[in-house]
Amino acid sequence: MATHTAPASEADVGAARHLQLDDRIWLLRAMLMMRGIEARAMNLYRQGKVPGSFYDGFGQEAVSAGGAFAMAPEDRLCILHRDLAAHLIRGVDPARIIAQYLGRATGLTAGRDGNVHFGDRRLGCVGMVSMLPDMMLVATGMAMAFKLRDEPRCALAWFGDGSTSRGDFHEAMNWAGVQRLPVVFVLENNQYAYSTPLAKQFAVDPIQRAAAYGFVGVTVDGNDVEAMFEATRAARQRALAGEGPTLIEAMTMRMHGHAAHDDMKYVPTEQVEEWRKRDPIERQETRLRSVGVDVDALRAAVQAEIDAATEVALAAPMPDPATAVDGVFCEGEAEPLGDGQAPWSGFASPRADA
Amino acid sequence: MATMTYLQAISAALREELRADPRVLMMGEDIGDFGGAFKVTDGFIEEFGADRVMDTPLAESGIIGTAIGAAVVGMRPVCEMQFSDFIACGFDQLVNVAGKMHYRQGLAVPITIRLPSGGGFSGGPFHSQNPEAWFMQSPGIKVLAPSTAHDAKGLMHAAIHDPNPVCFMEHKHLYRRIKGDVPEGIFETPMTARIARPGSDLVVIAYGAMVHVALEATADLDGASVEVLDLRSLVPLDRAAILDSVARCSKVVILDEANMTCAAGAQVAALIAEYGFEDLDGPVVRIATPDVPIPFSPPLEQATLPSVERVREGCRELLDY
Amino acid sequence: MSSSTTETLVDVTMPQMGVSVAEGTLVQWRKQVGEPVQAQETICEISTDKIDTEVPAPASGVLAEILVGVESTVDVGTVLARIATETSGNLGTESASESAAGLAGAPAARQAGTPAAGPQASNGAGGYPSAPARGHSPVVRRIAAQHEIDLSQVTGTGRGGRIRKQDALALVESGEAAEPTGGQRPERPEPPLHSESPYRPEPPTAGGQSGPLSRMRRQIGEHMKRSLDTAAHCTTWIEVDMSRVEAARAPLGVTALAFVARATIAALREHRPVNAWLEGERYTRHDAVNLGIAVSLGEDGLIVPVLHDAHELSVEGIAVRIKDLAGRARARELTAEEVRGATFTITNPGQYGSIMATPIINQPQVAILDFEATVKRAVVVTDGEGNDAIAIRPITILGLSWDHRALDGGVAAQFLASVKRQLETNHR
C-alpha cells in the first residue's frame with residue numbers, strides 16, 4: 001500500500017520557523033516522560049500492582065507529543081490510549097497518572113476507570129471510552145459548538161487504523177466535512193489493530209478518505225515529533241481560518257504488544273527492526289545533541305521526576321468502597337471543560353502563529 | 001395558562017428554552033426547514049435560525065456523539081431521534097459515552113434526547129417501540145415519560161435544565177389526541193409520580209399513553225374505587241409514591257406498553273414485592289405488550305398493545321381476588 | 001402442528017443444508033425407538049455435499065419409528081423418523097400462533113405448572129390460585145393482628161372464599177374487633193427517635209468498662225461542640241394543643257411526627273429567614289425545604305437523613321418517607337445524597353415522658369425544632385362567648401433552638417406560633 005510522506009525538508013523548514021529551542025526541548029521532555037512513566041507502570045504491572053490490563057504507546061510518543069504541543073489552552077482534546085504525552089503537555093500531574101494505573105483514590109478517575117481511560121476535565125481533556133472511535137464524534141461536536149459560537153478554537157481527536165472501520169469514523173468525517181468544522185482528526189497508523197494488519201482493515205489508502213469526505217488529508221512521519229507538530233499546527237490554522245477539518249495520517253509503528261498481555265508474535269521481526277531505527281525519541285535526541293543540548297541531564301531529570309511521582313502514587317490510598325455508587329449523576333451545575341496548559345512559545349508571541 | 005395539545009406543549013417548552021438560554025441547541029433530522037417529522041419544531045428555524053435548529057446528516061450516532069461534544073464545552077443540546085426506535089443506532093454513544101462520563105470523570109453531559117415513541121397506528125416494528133427500559137438499566141441516564149400536556153411542558157423544562165443526559169419519551173399517540181391546561185413561561189415539573197385519579201381498592205401504575213388507557217378502563221368498574229398512579233419519571237423512580245399507593249390500595253396492576261420482559265413495570269413490581277409486601281392483598285399483576293416486534297396490520301397490532309378491555313378485565317380479576 | 005389431546009406423530013425430515021443440496025446421507029441415530037426425545041435435542045447425524053451436521057428433534061415426545069437406516073442416502077424432505085407427542089397445546093415448543101391465540105383474551109395471570117416459553121403477555125386460562133395454602137395475605141394478617149381478629153371466624157368474599165382486606169376491615173368497622181394496638185403496623189421493634197447531647201466522658205468506675213469512643217461518636221461530638229462554639233444558641237418554647245392531630249392521625253395510620261413535620265414545613269415557607277444557612281458571613285435563605293429528621297442509631301449514635309423537597313409532600317407522603325429513611329438509616333443503607341442538604345432539622349425523642357429539651361443546631365442551619373412527649377393536661381379553654389372552663393387536652397411543648405446571629409426572638413416566636421396554628425387548626 002502506497003503511503004505519501006511529506007518531504008522531510010518541508011517539515012523541517014516549517015518546524016524550524018515555528019519552534020524555538022525551548023519548544024524542541026519541551027517536545028523531547030514530553031516524550032521521555034511518556035516513555036518513562038509507561039516503563040515504570042509496566043514494571044508495576046509485572047509486580048502485580050496494576051489491576052486489569054496495561055496499554056502503552058512505546059515507539060509512538062511523537063504522535064501525541066507533537067500533536068498536543070500545537071494546541072492552545074482553549075482548544076479541546078480527545079486523547080486515546082497511546083497518547084500519554086498529550087496529557088503531560090496539558091499539565092496532568094504524573095503522580096496522578098501512576099495512581100490512576102494503580103487504581104488509587106488519587107488517580108484521575110478515583111478508581112472508576114482504569115489504565116489510560118482518563119482525561120482531566122479541568123485541563124480540557126476528555127477521557128476515552130473503549131468503543132473506538134466514539135471520541136471522534138465528541139471532538140466533532142466540540143468543534144461544532146466553537147463554530148456556532150464563532151470562537152477561534154479547535155478540537156482534536158486521536159484514533160487508530162483499526163477504528164476507521166467502524167461507523168462512528170464515517171459519521172464523524174462526514175459530519176465534520178459537511179459542516180466544515182474546526183476539527184483535527186489524527187489517524188495514528190501504527191500498522192496493527194491488536195493482531196489485525198492494515199491489509200485486513202482498508203481497501204484504500206486511508207488518507208484518501210479525507211477527499212472522499214470533502215477535506216484535506218496529510219500524511220506525516222509520525223515518528224518525527226517536529227514534523228508532527230508542524231502538520232498539526234497547519235491543520236489548526238486551517239481550522240481557525242474556516243477551511244474545515246484536516247485528516248492527519250501519522251505513520252508510526254506499535255513497538256509493543258496491543259497490551260501488556262500480548263507478545264505480538266504476529267508482527268514480523270524485520271518490521272519491528274526497521275521501525276526501531278526510526279525511534280522518535282532517539283531522533284529528537286540526535287537533533288538536540290547536535291545543537292548542544294545536554295540530553296543526558298534531561299533524561300536524568302525526567303527519571304528523577306518519575307521516581308518521585310511513583311513514590312507519591314504508591315503511598316496513595318485505595319478508593320473507599322462506600323463511594324462506589326456515588327457520582328453517577330451530576331447533582332449541581334454542569335461545568336464545561338477547562339483550559340489546559342500550552343507550553344508552545346508560539347502562543348505567547350502573536351507573530352508566531354502566522 | 002393556555003389549553004394546548006401534548007405536542008403544542010412540547011413545542012412551547014422548546015421555544016421558551018431557546019428564547020431564554022442561548023446555550024440551547026436543537027439537533028435532529030428534518031427538524032429545521034421541514035419543521036420536524038411531527039411538526040414539533042414547525043416555524044422554529046424562522047425564529048431561531050439554522051444554527052440553532054440544526055438539520056443534521058442522517059446519523060444517530062453522530063447526533064448524540066456531537067451533542068455530547070457540544071455539551072461538554074457549554075452548550076445545552078436537545079437532540080431528536082426521529083422515532084425512538086432509531087436510538088438503537090446511537091445506543092453506544094448514549095450508554096457508553098454520555099451515561100458513564102460523569103461517574104468516570106466528573107464531567108457532566110447536559111444533553112436531552114427527545115424520543116417519539118409508542119405504537120397504535122400501524123407503524124410496524126421499527127416505528128412503534130417503547131425503549132425506555134434499555135436506558136433505565138444504563139447508569140447515568142435519566143428517563144422521563146409524561147402523559148399530560150402540562151407535564152410534557154414541565155418535564156421538558158426540567159430535562160433541559162438538568163445537568164445529566166435525559167431521555168424524554170414523547171408518546172406519539174398523545175401528540176394530538178390529548179389537550180390540557182398548560183402554564184406559559186418556564187416552570188419545572190418535579191421528577192416524581194403523580195396521582196392521576198385517587199382511589200382505595202386497587203391501583204393501576206402506568207406511564208405515557210397507558211395512563212389514559214388505565215383511566216378509561218377503570219372509570220366505571222363495578223363501582224370500585226381505582227387509583228391510577230402516573231409514574232411520569234422512570235429514572236429517578238418515585239419509590240415513595242409507589243409504596244404509598246400500594247399501602248393504601250393493597251392491590252396493584254402495573255401497565256406497560258413496552259414489551260413485557262424487563263420493562264419499567266418489572267422494576268416497579270420487584271420494588272413492591274420487596275418493600276410493599278406487608279401491604280399486599282393479592283399478587284402483583286402486570287399487563288404489557290408481549291415480547292414481539294410490534295406488528296403492522298391492525299388486528300395484529302391491536303392484539304399486542306394493551307387495550308382498554310384487557311386492562312378492565314385484569315383489574316376486575318384482581319378486585320375479585 | 002396439531003393441538004388435539006390425542007397422540008400425534010411428528011415427522012423428522014432430511015433438511016436442506018444449502019440451496020444447491022438435493023440429498024443427504026444418514027450417518028448415525030442418536031436415539032432409538034422408544035426413547036424419549038426433547039425438542040431441539042440432536043436426534044441423528046447426517047452428511048451432505050456441503051456440510052456434515054446434527055439434526056435437532058422438532059418436538060418432544062417418544063421416538064416412535066425410524067424409517068431411514070444408517071448409510072442410506074435420501075432426497076431432501078424425506079421423512080427419516082416419527083416422534084409420538086402427547087400434546088394438548090404447549091409442550092416445550094411454542095409456536096407464535098399459539099401464543100397469539102392466548103393474547104386477545106385474559107390478562108396476565110399465572111398458570112400453575114406450565115412454564116411458558118416465547119412471547120407472553122397473558123397466560124391464557126385460569127386466574128389466581130385460591131387462598132394460599134399457608135394462610136392469609138400480608139395485609140389481612142396485619143389487620144388481624146392489630147385488632148386481635150380470629151380470622152377463622154371471618155367470612156371471606158374473595159376468590160375461593162379467601163378473606164380479603166375489606167372483609168377484615170368490615171369486621172373492624174362493625175365494632176366487633178378489639179381496639180387497635182398502637183395504631184401502627186407491628187414489625188421489628190423500632191428504637192424511638194431522640195436527640196443526642198454532647199458526650200461527657202465519665203471517669204471509669206471500679207468494675208466498669210472504658211475504651212476509646214467510636215469514630216461516629218467522636219464525629220457527632222465534634223459537630224455538636226463546634227455548633228455550640230459557632231452559633232449563638234437561644235431556645236424558645238411554645239405549648240401546642242394536639243387534640244386535632246391525635247384525632248386525625250389514627251385513621252391515616254401515621255405518627256404525630258408527620259403532622260409536626262408538615263406544620264413545620266408550612267411555617268418555614270411562611271418564615272423564610274428560619275429556612276436558611278449561615279456559613280461564616282454568608283447567609284442563604286432557601287425556597288425549597290429539605291427537612292432533616294434526627295434518627296437514633298441506638299448506642300452507635302445519631303444520623304440525620306434528609307427529606308429533600310419536603311414542601312411537595314402531604315402528611316402521608318412525609319410519613320412514608322420518614323419511615324423509609326429511618327429504616328434505611330438503621331440498616332446503614334443511606335446514600336450520601338440522603339444525609340446532605342438539609343435546610344432545617346426536627347428532632348423527636350419519642351414518648352418517654354420528657355417534656356422539654358435544649359437541642360443543638362445542626363450546622364450550618366440556623367434553627368432546630370424539638371418535639372417531645374404529648375401529655376394530657378388540664379388547660380383553660382374559652383368558649384365563643386368568652387366563658388372560661390377547665391378541660392383536659394393532650395399538650396406538647398415544641399422547643400426551637402435558634403441562632404441569634406441570624407434571627408431574633410420575635411422571629412422565633414412568630415415561627416413557633418405558625419407551627420402551633422397549623423397543628424391546632426389545619427393539620428393537613
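Across the interface of chain B and chain A, 18 residue pairs are in polar contact, both residues being at pLDDT 80 or more; a polar contact is a pair of N or O atoms within 3.5 Å, where within protein one must be able to donate a hydrogen and the other to accept it, and residues adjacent in sequence count only if both atoms are side-chain atoms. The largest share of the side of chain B that touches chain A, 10 residues, is supplied by helix 3 of chain B (helices are DSSP runs of H or I with at least four residues, strands runs of E with at least two, numbered from the N terminus). The model is predicted: local features need pLDDT of at least 70, side-chain atom pairs count only at pLDDT 80 or more, and totals for chains, interfaces and linings use all residues. Residues are numbered from 1 along each chain as its sequence is written, and side-chain values use heavy atoms, without hydrogens and water.

Two salt bridges are counted between chain B and chain A (a side-chain nitrogen of Lys or Arg within 4 Å of a carboxyl oxygen of Asp or Glu). B:D92 forms a salt bridge with A:R166, with the closest N and O atoms 3.2 Å apart.

Within chain A, an open sheet of six strands has the order 2-1-3-4-8-7, with parallel pairing; strands pair if DSSP finds at least two bridges between them. Strand 2 (125-126) and strand 7 (216-221) of chain A stand at the edges with a single partner strand each, so one side of each is left without a neighbour in the sheet. Strand 1 (residues 76-78) of chain A pairs with strand 2 of chain A over two bridges, and A:V126 is the bridge partner of A:C78.

How values were computed
Chains lettered and ligands numbered in written order.
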